[in-house]
Amino acid sequence: MSSADGFKTDIAVIGMAGRFPGAADADELWQNLRDGKESIIPFSDDDLAAAGIDPSVLADPQYVKRRGFLSNIAAFAASFFGFTPREAEITDPQQRFFLECAWEALEHAGYDSEQFSGLIGVYGGTSSNSYQHLVHAHAQTLKAVGHLQADIGNARDYLTTRVSYKLNLQGPSVVVQTACSTSLVAVHIACQSLLSGECDMALAGGVSIQVPQQAGYFYQEGGVAAPDGRCRAFDARAQGAVPGSGVGIVVLKRLQDALDAGDTIHAAIKGSAINNDGATKAGFTAPSVDGQARVIVEALSLAGVDPETISYVEAHGTGTVLGDPIEIKALTEAFRTGIDQTQFCAIGSVKTNLGHLDVAAGVTGLIKVILALKHRQIPASLHFETPNPALDLASSPFFVNTALSEWRSAGPRRAGVSSFGIGGTNAHVIVEEAPPLAPTTAARPWQVLVISAKTSTALEQATSNLVAHLEANPQLDLADVAYTLQCGRRTFEHRRMLICRDRDDALDALRRHDPARIYTAWQPDS
């Protein structure tokens, strides 16, 4: 990926979706990040006892009663995706959430997979399955659905192929597993697949949901988990991260193709790289300065950008005694290619807000950066007060961003995103703000808004969602909204149509459910 080739090797991010601790979607995630909110929540003994945690565990002083928590993991649009109730019941929540977010991500990108003429690939990974033992504990359910169906609903192998089957996607469908770096490695592989022509659009991400959700964790001195349930990345008091659950997916397309199609582009991936530490480190689980520095240098080289043009790095940032100093040293080595300037690049970690989302951590960091580029603001990295003296931040290119700040840059805003997995597979991605849009021609004076859903209840919800979206985004061009609703959404049996002049006109009619303006009908798919 070289800048000398213009947009030929850049990859556009045209859509995203996810569920995160304290946030039902990416928009709510941004609100929480902007407000400096920590979404790692404490559990009471009553909460934990109700979740089945043994009283002896609750009494253990090493048991930390905090976690990044996803609400309502039992909810699933089973009938929408053609699942029977029993099939849904025996399917790992990780696979359910990944499937729902894949659909939402494509909708966010403005594409109906049935109408897209190219190949769509799927790349992603999932954490180990903590749900399967509950399935096998219910003998009658297991007998009714059969062991094969139970295995398909719970094995990692079927995470991406289930999405391809349910959404009729015919590009490559690949499960990626590299521990904590899984989802960012999936993004890298998806980019390579796009550049090689294996697919024309790609979904990439990861999911991690542990069952039960309401559960703490054991602290072990010298381990990777924090004793007080707070991740204090780069701080002198840092002693580890906090486990959390989440899912994130981005939709990728070759940048020139996205520009030609008039897609909404949220950011551009200029370059990405992956590698492994090999054996030149203290142990299998230990990070490596050399390995991390090499992957960052390679990503910068492939992106064709100089380190001094990077103004923010979303770090792996686990807040561990061993990991933080190694990460800063590796970043400093990668950036010190003839640059003596100090503390010109902000650094932060979303783990201070959400906890460590395991295989979903990398894509969550990427989504944070994309949102920050869109809003031209850098959110605070939480719980940082006194720099860890082992980091020597003062003489490095980096400073920890401790408050929401305007993202100023002499040139295009650029960021690096790091994700490092236990076992040594490292990933780094260079992200740049979206290129300026070409001016559009004047739209016709009247627009047709079309909404459809599988049920009448879902149609009402879809209408409410459209109202909320128009209210929250007054800058939207109504012609773009109309086009996406007509061409970028699957058509279902229950349909609603409104002819309107502008956003205010549309909102007025939709809020009042004006029967003289809105036509609602049920009709079979053609």
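Me: What places the charged end of Lys454 over the ring of Phe80?

Reply: The charged end of Lys454 lies 4.6 Å from the centre of the Phe80 ring. A charge sits over a ring if NZ of Lys or CZ of Arg is within 6 Å of the ring centre and within 35 degrees of the ring normal. Lys166 is also placed over a ring, that of Phe83, with its charged end 4.5 Å from the centre. This is a predicted model, in which local features need pLDDT of at least 70 and side-chain atom pairs count only at pLDDT 80 or more, while totals for chains, interfaces and linings use all residues. Residues are numbered from 1 along each chain as its sequence is written, and side-chain values use heavy atoms, with hydrogens and water left out.

Me: How many aromatic pairs does the structure hold, and why is that of Phe81 and Trp103 called edge-to-face?

Reply: The search of the whole structure gives 13 aromatic pairs. In one of them, Phe81 and Trp103 have their ring centres 6.3 Å apart and their planes at 85°. Rings of Phe, Tyr and Trp (its six-membered ring) pair if their centres lie within 6.5 Å; planes under 30 degrees apart count as stacked, over 60 as edge-to-face and the rest as tilted. The pair of Phe81 and Trp103 is therefore edge-to-face.

Me: What does the pair of Phe81 and Trp103 tie together?

Reply: Phe81 belongs to the loop between strand E4 (66–68) and helix H4 (85–89), and Trp103 to helix H5 (residues 93–109), so the pair links parts 22 residues apart in sequence. Helices (H or I, at least four residues) and strands (E, at least two) are DSSP runs, numbered from the N terminus. Phe81 and Trp103 are both buried; this word means under 20% relative accessible area, with exposed over 50% and partly exposed in between (1.4 Å probe, protein chains only).

Me: What makes the pair of Tyr312 and Trp407 edge-to-face?

Reply: Their centres are 6.0 Å apart and their planes stand at 70°, so the pair meets the edge-to-face rule. Tyr312 is in strand E11 (residues 312–314) and Trp407 in the loop between strand E15 (405–406) and strand E16 (414–420), so parts 95 residues apart in sequence are tied together. Tyr312 and Trp407 are buried.

Me: Which residues form one aromatic cluster?

Reply: The cluster consists of Phe76, Phe80, Phe81, Phe83, Trp103 and Phe492.

Me: Why are H5 and helix H9 called oblique?

Reply: The axes of H5 and helix H9 (residues 159–167) come within 10 Å and cross at roughly 50°. Axes are lines fitted to C-alpha atoms, for helices over the stretch in contact, and angles run from 0 to 180 degrees between N-to-C directions. Angles under 35 degrees count as roughly parallel, over 145 as roughly antiparallel, 65 to 115 as roughly perpendicular and the rest as oblique. H5 and H9 are therefore oblique.

Me: How do H12 and H13 lie to each other?

Reply: Helix H12 (residues 289–303) and helix H13 (residues 323–335) pack at about 40° with axes 8 Å apart. That angle makes H12 oblique to H13. Residues that meet include Ile296 and Leu300 in H12 and Ala330 and Phe335 in H13.

Me: How do you know whether Arg19 is buried or exposed?

Reply: Arg19, in strand E1 (residues 11–19), has a relative accessible area of 15% and is therefore buried. Beyond residues up to four places away in sequence, Arg19 touches Ala24, Leu70, Phe97, Glu100, Cys101, Glu104, Gly246 and Val247.

Me: Which class does Trp446 fall into, buried, exposed or partly exposed?

Reply: Trp446 has a relative accessible area of 41%, so it is partly exposed. Its place is the loop between strand E17 (425–433) and strand E18 (447–453).

Me: What makes the backbone at Asn168, Ala179 and Pro212 worth a look?

Reply: Most residues other than glycine have a negative phi, and most peptide bonds are trans. Asn168 has a positive phi of about 55°, and the phi of Ala179 is near 60°. Asn168 is partly exposed at 35% relative accessibility, as is Ala179 with 29%. The peptide bond from Val211 to Pro212 is cis, with omega near 0°.

Methods
Contact means heavy atoms within 4.5 Å.
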